[in-house]
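Dear colleague,

I am handing over the structure below, and I would be grateful if you could look through it before reading my notes. They begin with one residue and then widen to the chains and their contact.

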Amino acid sequence: MNDLIAARLALISHATPTDGALLLPLLDDCGLRAAGVTAFAAGYFPPSLLPATAWVSPLHPVAAIMT
Amino acid sequence: MDNIVQFSMQDTGRRIRARQFSFPELLEACLAREAATRDLNAFNVLYSEQARRVAQASQILLEQGYDLGPLQGMPIAIKANIALAGKEMHAGSRILAGQLAQQDADVVRRLKRAGAIIIGSTNMHEFAWGGTTNNPHYGASGNAWDVNRIPAGSSGGSGVAAAVRSALGALGTDTGGSIRLPAAMNGVTGLRPGVGRIATDGIFPLAVSLDTVGPLAGYAEDCALIYSALTGSSAPAALPDLGGLRIGLLGEYSEQVQPDVAHAYDELIDWFRAAGAHCVSLRFSGLEQAVNALVLINMAEPAALHAPWLAERADEYGEDVRLLLQAGMGITAVEYLQAQRFRTALRQQMLQKFSQVDVILTPTLPFTAPLKGQTQVRIGDKDDSVLTGNMRFNALASLAALPALSFPAGFDRNGLPIGMQLIGPDGGEQRLMAIAGRFQQENDYHRRTPVMVTR
């Protein structure tokens, strides 16, 4: 078990009775998905160009927010 | 009289007003269809006696000249997470079992106001968190075209009821595809409205920033009628001329599908082209992250909602939903917000594309209905997970908060329905249904009936 999965499992166990063995495949999958999305977000929204409200609800007119 | 359920609601209403049959006869025909297909487990409960009283009252009103419009006397089913005053609303869970709704959901209030008859409450995936409608507490639903296959979900019972015509229309909810998936797998039309377009008051949530409620029905024009009643908007008076319609395609992204789905997609594009539409290939940045972002949001938001029950009543969930909710407790705030930022990026790109095209066309699903218990589907030389495959095309509109419609556009070699998805810009719901209605004017996939209902 890597450190990140162990950290997730600790978070979960703090909140709810948990069977870690059953959760491990899901947590591994979550980690991969989060890494992909995080890498994209870092590239797409360089911090220096990121308006403070860029992540807000997509119901807002995003194009207007960004310009 | 069994075949009186086959018509569109407009057509049904015309026939009733011409005294060919009555609202009570229509309701009995729907109830007979339900009885003939009970092994599909579309409904958790039927409100038969209440519905009969309303049908009789509707008939009396009509005969006295009180015409409430096209939804009057139409049997409509609602998903088990939608409140009907005085009735149990369990959202497919054991945790909420026995809890009676204090008042109608906003959508139910609007349906009643339009004269519709709420015929029953349909089976769903527990708490709407899943795409199979294999419910550990209320049983698995079967696909309308093959009981051994899944009807998709989470609004699986609503999709089945609309397909076998035990209701002329149904309400479902759609977070990551839960209306469009059962529409596609059961061969009916289903609309996911834009986020916020229809009030979700009185509906048990899944992921609040993604949740929507909308109609499923055989005919696109029936979805438009229900949508109009739910929003107060008007359906277009005439079906659109497709000459000059600009359709966006996603190129390789839409090609990772089963061969029969690819064939149906190509045929549909040819049909649109022959009708005068222009097809344009679109490119997006980061499309391969869409499912990942949807999964992260769809894990974190329900986990927050369910936190008190996860602490005290975790053993009352079915295993699949419990594990998903628990895993959601392990998503960090930063990961959740990065997924929301991805959403912003995707929506921004899609809004820009809608200055070049009127709609975007994709398959609804890469595959047709899998067998119950099947977790992987073979596509080309690769295995695709059913969960990820379910979300691939549905994630786009869900994340971008845009309207999307699934409509039947073919059958595979096993006789299973194939659905195609139209995504539109903000406020484009009626146009999507009108375009599908135009297709249905010349094609009959939506009118075909599963063999099992005629046995």
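**Notes on the model**

Leaving aside its neighbours within four places in sequence, B:Pro366 is in contact with B:Gln256, B:Val257, B:Gln258, B:Val261, B:Ile379, B:Asp384, B:Gly389 and B:Arg392, where two residues are in contact if their C-beta atoms, placed from the backbone, lie within 7 Å. B:Pro366 sits in the loop between β11 (359–363) and β12 (376–379) of chain B; helices (H or I, at least four residues) and strands (E, at least two) are DSSP runs, numbered from the N terminus. B:Pro366 is buried, because 22 other C-beta atoms lie within 10 Å, and the cut-offs are 20 or more such atoms for buried, 12 or fewer for exposed, and partly exposed in between, again with C-beta atoms placed from the backbone. The C-alpha atoms of B:Pro366 and B:Tyr227, which are 139 residues apart along the chain, are separated by 27 Å.

Please bear in mind that this is a predicted model, in which local features need pLDDT of at least 70 and side-chain atom pairs count only at pLDDT 80 or more, while totals for chains, interfaces and linings use all residues. Residues are numbered from 1 along each chain as its sequence is written, and chains are lettered from A and ligands numbered from 1 in the order in which they are written.

**The two chains**

Chain B has 14 helices and 15 strands. Its radius of gyration, taken over C-alpha atoms, is 20 Å, close to the 23 Å that the globule rule gives for 455 residues, so chain B is as compact as a globular protein of that length; the rule is 2.2 Å times the number of residues to the power 0.38. The C-alpha trace of chain B spans about 60 × 60 × 40 Å along its principal axes, and 59% of its 455 residues count as buried. Among contacts in chain B between residues at least 6 apart in sequence, 74% join residues at least 24 apart.

Chain A, in turn, has three helices and zero strands, and 25% of its 67 residues count as buried.

**Where the chains meet**

In the contact between the chains, 30 residues of chain A touch 37 residues of chain B. On the chain A side, α1 (3–15), α2 (20–44) and α3 (62–66) each supply at least two residues, and α2(A) gives the most, with 13 residues.

The axes of α2(A) and helix α11 (residues 333–353) of chain B come within 9 Å and cross at roughly 55 degrees, the axes being lines fitted to C-alpha atoms, for helices over the stretch in contact, with angles running from 0 to 180 degrees between N-to-C directions. That makes α2(A) oblique to α11(B), since angles under 35 degrees count as roughly parallel, over 145 as roughly antiparallel, 65 to 115 as roughly perpendicular and the rest as oblique. Among the residues that meet here are A:Phe40 and A:Tyr44 in α2(A), and B:Arg341 and B:Phe342 in α11(B).

The axes of α2(A) and helix α9 (residues 290–312) of chain B also come within 9 Å, crossing at roughly 120 degrees, which makes α2(A) oblique to α9(B). In this pairing the residues that meet include A:Cys30 and A:Arg33 in α2(A), and B:Leu296 and B:Met299 in α9(B).

With best wishes
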